[in-house]
Amino acid sequence: MKLFNKRNKNYAQIFELFTEESWSENCKKYNKKISLLFSGKKHEVFIDVKGETITYFIGLGKADLQNFEFQQVAMKFSQTQKKNFQAVSTLILADFISEKQFQEFIKGLFLGTYNYPFEKNHPFWNEKFELHFGNLSQKKLDNIISRADAICEGQTACQDWLNKPANLKRPDTINAYLKNLAKKNQLKYTVFNRKKCEEIGLGAFLSVNQGSAYDAAFTILEYKTTVKNAKTFGLVGKCVLFDTGGISIKASDNMHYMKSDMGGATAVIGALIYASQMKLPINITAILPITDNAVSENAYLPSDVITAYNGKTIEVLNTDAEGRMTLADGLSYLSKNYKTDVLIDLATLTGSSVRMFGDTCGAMFSNNENLKNLLIKTGDKTNQRVWNLPLWDIWKDDFKSDVADFKNISMKPIGDCIVAAKFLEEFIEGHPNWAHLDIAGVAFGNVGYAKDKAATGYGVQLLADLIENYH
């Protein structure tokens, strides 16, 4: 990525931005016939060719648009027009744009180049492609490009791992990747295999892994800043590489989408990449309990009673409620062995959250008013929205068990995402600043770059922004 504060005399390619208002003020400077085809509405694109220069008129919509909408417009623009772009020096014209808005636009341009599998073969990643923008100092432009670069690297990694078919993401493959990532970004990397997990007592996680043909990989990644007294974030990402449902097997119609059941983990990986590339003055301890949920002669069974890491016992009523089993041990291991100021877990956890919110937002649960408000605010700012749901104790009765401390689901056909959150609360070891994000509806869905459902990258920008601006 190259971004320079300059303006040459001649360009083969120009991106000119307009709101509806700025177009109506300035349209007289252009051929009046253009107004028949372009009015500055959001996502409108008009291509004007004069001599050697191709100018793309890009519509942003109404002037009061939010910052994230600049990213949306740029992303759609680079997705839909990529076959036309040239790898040349390109002028961006937008006199009315603020620094933050321009930053979002640049992020969107590059995020819009994503396709699975991600390779930098789009013209924007070509050595000869550079962007020229005369309205901001070079120092500010350098800052914008380093942020865009870090967010792109984090989000494209997130999308690539989520989109990979099941046979290309076995535990050993993702662990080789994480080991490499740790080396590249100076992260501390630790992994516990099945034998080690048994020694430590990660019983809830192991119950899911016991049906797998592949070894467990309870993985811990730590990012440390050199800044003294920095805040520490604990992140746990559900990392079920493929979810058959186990013995409580899923219906086959949409089972191929279950390669996306590691959406919590990929959001965490993306945020870790961003934090380490930007050298953010915070610490992160991330736990990814990596396994698949398979059907085999060793698979855990409905009615099994499992002892979790913290000693609490769980009666398994449904082996497809496996995410909360792996997260239970991830949360209690993190809480018991590390000191964190903030604890957040993310998971593609329940169909209940999808039925409630579709693909509009994640379901959020938190025991801390400040964290709750901050997540809502950050979600609105990044357009990776969350909606708060209650953690009332009345829901606890629904998963009390006769033969163990808890059942892993309620048998009532209601509120499963709330029951799951209340279940997880039993494993945070009294952490006063915890949030659980159920992102089942938003991590994987309709996207501009693919015909079928695919990874959205949800969670990376939400976490990155939250971590970077946390006080």
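Where is Pro117 found?

## Backbone at Pro117

Pro117 is found in the loop between helix H3 and strand S6, which spans residues 130-132. In this predicted model, the peptide bond leading from Tyr116 to Pro117 is cis, with omega near -10°. Most residues other than glycine have a negative phi, and most peptide bonds are trans.

## Positive phi values in two loops

Lys279 is a residue other than glycine with a positive phi, near 50°. Its place is in the loop between helix H8 (263-277) and strand S11 (283-293). With a relative accessible area of 64%, Lys279 is exposed, because the cut-off for that class is over 50%.

Glu429 is likewise not a glycine, and its phi is positive at about 55°. This residue is placed in the loop between helix H12 (416-425) and strand S18 (434-438). Glu429 counts as partly exposed, at 33% relative accessibility.

## Packing of H3 against H4

Helix H3 (residues 99-111) and H4 have axes that come within 9 Å and cross at roughly 40°. The two helices are therefore oblique to each other, and H3 passes H4 in a right-handed crossing.

On the H3 side, the contact involves Glu99, Phe102, Gln103, Ile106, Lys107, Phe110 and Leu111. The H4 residues that meet them are Lys140, Leu141, Asn143, Ile144, Ile145, Arg147, Ala148, Ile151, Cys152 and Gln155. Sorted by class, the contact of H3 with H4 has 10 nonpolar, three polar and four charged residues.

## Packing of H4 against H13

Helix H4 (residues 138-163) also meets helix H13 (residues 460-468): the two axes come within 10 Å and cross at roughly 135°. H4 and H13 are therefore oblique to each other, and H4 passes H13 in a right-handed crossing.

H4 contributes Arg147, Ile151, Gly154, Gln155 and Cys158 to this contact, while H13 contributes Val460, Gln461, Ala464 and Glu468. By class, the contact of H4 with H13 has four nonpolar, three polar and two charged residues.

Lys372 lies in helix H11, which covers residues 369-382. At 14% relative accessibility, Lys372 counts as buried, because that class takes values under 20%.

The side chain of Lys372 is joined to the side chain of Glu369 by a polar contact of 3.3 Å. Not counting residues up to four places away in sequence, Lys372 touches Met364, Ser366 and Asn388.

How values were computed: Residues are numbered from 1 along each chain as its sequence is written. This is a predicted model: local features need pLDDT of at least 70, side-chain atom pairs count only at pLDDT 80 or more; totals for chains, interfaces and linings use all residues. Side-chain values use heavy atoms; hydrogens and water are left out. Axes are lines fitted to C-alpha atoms, for helices over the stretch in contact, and angles run from 0 to 180 degrees between N-to-C directions. Helices (H or I, at least four residues) and strands (E, at least two) are DSSP runs, numbered from the N terminus. Angles under 35 degrees count as roughly parallel, over 145 as roughly antiparallel, 65 to 115 as roughly perpendicular and the rest as oblique. A crossing is left-handed if the near helix is turned anticlockwise from the far one by less than a right angle, and right-handed if clockwise. Contact means heavy atoms within 4.5 Å. Ala, Val, Leu, Ile, Met, Phe, Trp, Tyr, Cys and Pro count as nonpolar, Asp, Glu, Lys and Arg as charged, and the others, Gly among them, as polar. Buried means under 20% relative accessible area, exposed over 50%, partly exposed in between (1.4 Å probe, protein chains only). A polar contact is a pair of N or O atoms within 3.5 Å; within protein, one must be able to donate a hydrogen and the other to accept it, and residues adjacent in sequence count only if both atoms are side-chain atoms.
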